[in-house]
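Please look over the sequence and the model below before reading on. The text takes the chain as a whole and then its aromatic side chains.

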Amino acid sequence: MLFDLVRPAVFALDPERAHRLTVAALKVMPRRGPAPAGPLANTVAGLHFPNPVGLAAGFDKNGEVPDALLSLGFGFAEIGSVTPLPQVGNPRPRLFRLAEDRAVINRMGFNNEGGDVVARRLVARRDRPGVVGVNIGANKDSTDRIADYAQLTRLMAPLADYLAVNISSPNTPGLRALQDEGALTGLLDAVIAARRDTCGEAGPPIFLKVAPDLEPADVDAIARIALDLDLAALIVSNTTIARPALRSHHAAETGGLSGAPLRDMALQRLRDFRSATGGAIPLVGVGGIASAEDAWTRIRAGASLVQLYSALVYQGPGLARKMVRGMERLMRRDGFATIAEAVGSE
């Protein structure tokens with residue numbers, strides 16, 4: 001209710017400024033600790049999640065407020081995307097609310113303070129509870145992007161609960177080419193080797209974040225590589241470069257589209273990867289999730305975890321707890337004792 005009162009003032013601000021103010025507010029918010037484990041608790045990739053609702057990468061790019069985010073009721077938080085070197089990202093304006101469509105378009109371009117700064121923040125919170133993943137990417141002007149991912153793996157592997165290899169942002173030219181079969185195998189081999197060199201056999205699980213704009217052959221190839229290399233999970237999916245029918249005057253802006261218009265595409269891609277992997281690898285459902293019903297549909301379609309971000313823009317900081325309560329009701333309604341039982345049961 002409080003967010004409903006302040007939302008007009010927030011929406012009167014430039015979206016990027018509003019985001020910076022939100023992060024600043026979270027820094028001074030009283031901490032209540034991470035969400036306790038409840039009926040929706042789940043174990044994925046050896047990690048114990050108190051509930052399956054996570055905050056996707058993009059909100060806390062620099063690892064400034066992961067513990068504040070966990071205290072909002074999220075079962076896990078993913079910081080980043082982080083690149084080896086600091087970069088300012090693309091020119092502004094680069095973030096647009098499509099309020100009529102309950103959507104967002106961004107062309108941020110991996111703006112962040114760089115791996116060393118983020119690593120220092122993670123060191124400072126090392127002994128705190130809660131699952132915090134690190135989403136890693138490559139610098140825009142890098143001459144060796146695979147080396148960028150390997151470098152970040154060596155830096156972040158001792159500090160992250162999991163690493164999310166992001167090859168699916170549409171806002172770094174050429175990045176999605178790493179989803180091609182040969183390039184992807186080379187990239188993941190380098191990441192896995194860097195983790196082994198840094199942490200031995202005790203390194204964090206590796207997740208791979210893919211785009212929704214994939215052809216069936218791409219899905220099959222990525223699924224095959226993920227299974228061959230024993231990846232811990234696939235995050236399905238990132239923002240889309242497609243433009244379904246939109247009402248907002250920002251509809252023609254370039255960048256990645258997220259929010260409600262992405263829901264059906266992301267759900268279908270999740271089903272595609274569930275089919276392609278035969279349920280042999282955990283999936284994280286992302287894209288257009290704005291309610292307990294949306295999240296529960298992803299679970300039934302094959303997701304072990306879900307993530308959201310854009311819906312937070314429109315519904316405010318109480319969304320995670322609201323979704324968890326709703327999912328608990330839906331799990332009881334459908335006769336499941338655990339989330340694991342419900343995964344892929346549609």
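What follows describes the overall build of this chain and then the contacts between its aromatic rings.

The model is predicted. The protein chain holds 12 helices and 13 strands. For 346 residues, a compact globule would have a radius of gyration near 20 Å, and the 19 Å of the protein chain agrees with that. The C-alpha trace spans about 50 × 50 × 45 Å along its principal axes.

Of the 346 residues, 55% count as buried. Among contacts in the protein chain with a separation of 6 or more, 73% are between residues 24 or more positions apart. The accessible surface of the protein chain comes to about 14,200 Å², and carbon and sulfur atoms account for 54% of that surface.

We now turn to the aromatic rings. Ring centres must lie within 6.5 Å to pair, and by this rule the count is 6 aromatic pairs. One of them joins Phe59 and Tyr309: the ring centres are 5.7 Å apart and the planes stand at 75°, so this pair is edge-to-face. The cut-off behind that label is an angle over 60 degrees. Phe59 and Tyr309 link distant parts of the chain, 250 residues apart. Phe59 lies in the loop between β3 (53-55) and α3 (66-70), whereas Tyr309 lies in the loop between β13 (303-308) and α10 (310-315). Are these two residues buried or partly exposed? Phe59 has a relative accessible area of 7% and is therefore buried. Tyr309 has 23% and is therefore partly exposed, since buried means under 20%.

Tyr162 and Phe207 give a pair with another geometry. Their ring centres are 4.3 Å apart and their planes are at 15°, so the pair is stacked; planes under 30 degrees apart receive that label. This pair also links distant parts of the chain, with Tyr162 in strand β8 (residues 162-166) and Phe207 in strand β9 (residues 206-210), 45 residues apart. Both Tyr162 and Phe207 are buried. These two residues belong to one aromatic cluster together with Phe49 and Phe76.

Note on methods: Residues numbered from 1 in each chain as written. Predicted model: local features only at pLDDT ≥ 70, side-chain atom pairs only at ≥ 80, totals over all residues. Heavy atoms only, no water. Helix = DSSP H or I, 4+ residues; strand = E, 2+ residues; numbered from the N terminus. Buried < 20%, exposed > 50% of the residue type's maximum accessible area, 1.4 Å probe, protein only. Rg over C-alpha atoms; globule rule 2.2 N^0.38 Å. Contact = heavy atoms within 4.5 Å. Areas by Shrake-Rupley, 256 points an atom, 1.4 Å probe, with all protein chains shown as cover.
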